[in-house]
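Hi everyone, thanks for coming. Let's look at one structure together, starting with its inner spaces and then turning to one strand.

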Amino acid sequence: MTLAIVLAAGTPAAGLPTATGEPLADRLAGQLRRAGAAEVRFAANLDELAALADAAEGPLLITGTDLVAHTAVLRHLASSPVGPTVALVLADPPVPGRTAVREERGQVVDAGPLDALAGDATGVFGGALRVGVDDLPSLAAAARATAVGARPVTAQVGPAGDVSPLPAAGGAGHDEPGSAVDRLVAGLAALGTLIFAQRVRLLVAHRVEDAAGLVAAEAAVTAVDEDRAELRLSVKERDDFFSTYFVSTWSPYVVRLAARLRLTPTGVTVISVLFALAAAVLFGVGGRPALVGGAVLLYLGFVLDCVDGQLARYTRHFSAWGGWLDTMADRAKEYLVYAGLGFGVSHAGLGNGWALAIAAMTLQTVRHMTDTWYGVLHDEAARRPRTATGASGGIGDRLNAASTRVQADTGSLSYWLKRTVVFPIGERWALIALTVALFNPLVSLVAVLVWGGLAFAYTGALRTLRARWMWVPVLDTVDATLHRDDGPLARRLPVVRPMGPLTLAVIAALGPAALLVAAGVGDAPAGLRWAVPVALLVLLAGGLGAGAAHNGPLDWLVPAALRAAEYLFAIAVGVVGGAPGWLIFGYVFVLTVHHYDLTARLEKRQVAPPLHAATLGWEGRSVLLALAAITGIVSIGMATLGAYLLVVFVVSVVLAWFVRPARSARASAAPVGAGGVAPR
């Protein structure tokens, strides 16, 4: 339940009459209710707001009384999925008393008076913010500190979880200018709270000072069709080339139709999976009509893949479950298509299609792991002071500056080349559809591997150089054991600190890679059974870095390196043991599902899956496969272990997304005396 608070202090515009005759503050209260607030309260000052924050059990939606905006702006703020705490940021020119902000990668990394930002301001605070439940103690602390004229610069957390601000020496004092809501957001940022920025696009939002400004702002709001703007806003502001020009030009019409049919984003996701599955089947059947039909279905499936997110943004139906399902479905669809192409190649006698499909899936998964962790690295770098991200100058600095310039030049040739060369999902699906329709599945898989490999080399090289310049540790800010996917054996191995966890992870991948190459070029791969234990020992070298500090500039690559090591070992064992290609593909597919679950939870800031310990860790699974190879039952062992991991995954999903939430809901609804807990 969201409580909205209208903070009147320091905003003389509160009593200005609107076009309908009601005071601006009262109209804002009505808009907040329509935006989804269950209750609206007025706070005369920051002390009252702090008391409301102390008592709140859900997120707070806070506004000043000088905001003139479409109701949709407040609704978007209240339902924003980007983070628990979000602030409205406007491109209006700064005026005295308003809080300026500096944002990077969608995060407010600094907020305060314009002169305090040393010319680095990227916008001004829009007078409204949503504060998540976990940040309410910081909000109360910032409100109390700001109420007495002190600007908190850090926080001291007490044993009971209370947050005590430590005011800056020589604080601003009672005469600090600006409205209370402006000073509040500056104080919240000073406490180090992670605040995401919400920009206003297509819709209208302005803060007003006087009656003339109010009239002008109301005219700007009236001039924009709110529903039409919301439909256009459902499309990502910056998407890839294929999605922008071949999907988003007409997908909003599908979004509107889906909304009228009362389809949910999850329902659209399921339909898109069915389209991809049908395309995969047609690719496997072969023949020109089937291949062309599969290409058309694949394109339509990708359109629906875009529509589910657009529908969520248009209807504001966001959920952690929907976001997780969308991430998992995207990868499942793509890999089902690879399976269909691989079967089609083998079925048509064009070569070992399963080997190509396995290679494409492995390459793409390792790429995604580096993409995920580089994104985390960049977000972490944005939160840190500039002086902490390394010395200026050098090739990393120049690459960073060049990338920023290209990204800012929206729509230019260099902008689209940069977005296309990295081979995003739209371009991958377009390439598959075109090559399979015009040629055959073999050409399609080879094209995916060639472009994917070049893109991986390009992004890997540039990101490595930029990461060395930024020098920001990432893995030490999360549960490294979880995201390394270590099992009990890795946690018990001795720690070899001098070599570093990344070096050990790379060494771990070399043994399986050598075994796979030997098995692939040899005439009798079964004769290499003796080499499996040797490759396993090399693989286990990755576990020697499990207990070491993961604070090197390139240690964000450790999860991807360990994924590559485990996949290569599984593929090599399968080849040596004579397992059929479809079985090896299926086993690696189950591993990718497990690992995408971990990265999806990382992106959504969620804890480990309920049955994560039962997955045995990368080293535990590899040991079991090695034992199967030594005893000559690779196919049986791989099928059994894969089925076990799939069952664990499904049960974990049911527990995490259905059973546990249902239990929590029943527990919170149970009356006192019947197993319930009295409210505090």
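There are 3 cavities of 30 Å³ or more in this structure. A cavity here is a set of points, on a 1 Å grid over the protein atoms alone, where a 1.4 Å probe fits but cannot get out. Volume is the space filled by probe spheres set on the points, which are joined across faces, edges and corners. The largest cavity holds about 90 Å³. It is lined by 13 residues, and closest to its centre are His594, Thr615, Leu645, Val648 and Phe649; lining means having an atom within 4 Å of a point.

Before we go on, this is a predicted model: local features need pLDDT of at least 70, side-chain atom pairs count only at pLDDT 80 or more, and totals for chains, interfaces and linings use all residues. Residues are numbered from 1 along each chain as its sequence is written, and side-chain values use heavy atoms, with hydrogens and water left out.

Which helix gives the largest share of that lining? Helix 25 does, with 5 residues. Helices (H or I, at least four residues) and strands (E, at least two) are DSSP runs numbered from the N terminus.

Now to strand 8, residues 123-131: 9 of its 9 residues are buried, meaning under 20% relative accessible area with a 1.4 Å probe, protein chains only. Strand 8 pairs (DSSP finds at least two bridges) with strand 3 in the antiparallel sense over 4 bridges, and Leu61 has Arg130 as its bridge partner. Strand 5 is also antiparallel to strand 8, over 4 bridges, with Val89 partnered by Phe125.

Terms used: On a 1 Å grid over the protein atoms alone, a cavity is a set of points where a 1.4 Å probe fits but cannot get out, and a pocket is an open set with protein on both sides within 12 Å along at least five of seven lines; lining residues have an atom within 4 Å of a point. Buried means under 20% relative accessible area, exposed over 50%, partly exposed in between (1.4 Å probe, protein chains only).
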